[in-house]
Amino acid sequence: MILKYTLDFYQEHYLAIKDTISHTKGENMLFEKSEVQLVSNAMMNMLHEEEMDVVNNFHDAVLAKDIDKITEFYEVLVYDVEDHFSTEEEMMKESGFYAAGIHKAEHDSMRKKVKELGENWAKNKDPQEVQDFLEGEFKHWMVLHVARWDSETAMHLGDSM
């Protein structure tokens with residue numbers, strides 16, 4: 001039942017709006033694909049690429065100061081972050097990854113920050129606050145997290161695809 005809900009949510013929100021904003025390479029993109037390193041696990045690489053697409057579209061809505069799209073893309077971001085993190089956490093659990101607890105704590109820290117961003121957005125509707133978070137803390141965290149924790153986790157997992 002939960003999987004059905006999340007798939008329906010994904011189809012309804014992300015797929016419905018992802019094509020409304022298109023990118024030209026380098027134009028207003030928060031993440032270029034080359035900025036987040038590839039790891040030695042195809043599933044993890046797929047999760048990272050999808051998240052970069054979601055964040056780039058969210059960032060575009062923020063730059064356009066489109067309140068409705070920011071609200072929609074925030075919900076898509078929450079779904080995508082949870083899907084990304086919970087998938088990795090399940091893979092770590094199944095494989096007995098020695099540092100799963102530390103890796104999950106990193107995820108939990110970003111989950112909390114994304115939740116706080118949403119709470120602030122609901123109160124203030126301030127695109128600049130969202131832009132500052134995405135361009136500063138989120139981007140920095142993602143690049144470093146993938147380089148440190150996801151690359152090590154991927155080596156432990158191998159390529160499961």
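Predicted model: local features only at pLDDT ≥ 70, side-chain atom pairs only at ≥ 80, totals over all residues.
1. Overall make-up. The protein has five helices and zero strands, and from the N terminus on its elements run α-α-α-α-α. Of its 161 residues, 43% count as buried. Among contacts between residues at least 6 apart in sequence, 77% join residues at least 24 apart. The protein exposes about 8,600 Å², of which carbon and sulfur atoms supply 55%.

2. The nonpolar core. The largest nonpolar core has 31 residues, and the members that touch the most other members are Phe31, Phe58, Leu134, Phe138 and Met142. Helices H2, H3, H4 and H5 each supply at least two residues of this core. For Phe138 in particular, when residues up to four places away in sequence are not counted, the residues touched are Phe31, Glu51, Val55, Met110 and Phe133.

3. Helix H4, its length and its cover. Helix H4 comprises the 25 residues 100-124, and at 1.5 Å a residue these should span 36 Å; the end C-alpha atoms are 36 Å apart, which agrees with that expectation. The buried residues in H4 are His103, His107, Met110, Arg111, Val114, Leu117, Gly118 and Trp121. An α-helix has 3.6 residues a turn, so residues three or four places apart point the same way. What covers the buried residues of H4 includes helix H2 (42-63), helix H3 (67-95) and helix H5 (127-157). After H4 comes Lys125, whose phi is positive, near 50 degrees.

4. A search of the whole structure finds eight salt bridges. One of them joins Glu89 and Arg111, with the closest N and O atoms 2.9 Å apart. This pair links distant parts of the chain, since Glu89 belongs to helix H3 and Arg111 to helix H4, 22 residues apart. Is this pair buried or exposed? Glu89 has a relative accessibility of 14% and therefore counts as buried, and Arg111, at 18%, counts as buried too. Side chains of opposite charge can pair when their charged atoms come close.

5. Asp108, with a relative accessibility of 32%, counts as partly exposed, whereas Arg111 counts as buried. Both residues belong to a network of salt bridges that links Glu82, Glu89, Lys104, Asp108 and Arg111.

6. The side chains of Glu152 and Arg148 meet in a salt bridge, with 2.1 Å from N to O. Both residues lie in helix H5, four residues apart, which amounts to about one turn of the helix.

7. Thr153 and its surroundings. Which side chain does Thr153 join in a polar contact? The partner is His103, and the contact between the two side chains is 2.8 Å. Thr153 is placed in helix H5, and with 0% relative accessibility it counts as buried; His103 is among the buried residues of H4. Leaving out residues up to four places away in sequence, Thr153 touches Met44, Met92, Phe97 and His103.

8. What lies 3.0 Å from a polar atom of the Asn41 side chain? The backbone nitrogen of Met44 lies at that distance. Met44 is also one of the residues that Thr153 touches.

Key:
Residues numbered from 1 in each chain as written. Heavy atoms only, no water. Expected span 1.5 Å × (residues − 1). Buried < 20%, exposed > 50% of the residue type's maximum accessible area, 1.4 Å probe, protein only. Contact = heavy atoms within 4.5 Å. Polar contact = N/O pair within 3.5 Å; in protein donor to acceptor, adjacent residues only side chain to side chain. Areas by Shrake-Rupley, 256 points an atom, 1.4 Å probe, with all protein chains shown as cover. Core = buried A, V, L, I, M, F, W, Y, C linked by side-chain atoms within 4.5 Å. Salt bridge = Lys/Arg side-chain N within 4 Å of Asp/Glu carboxyl O.
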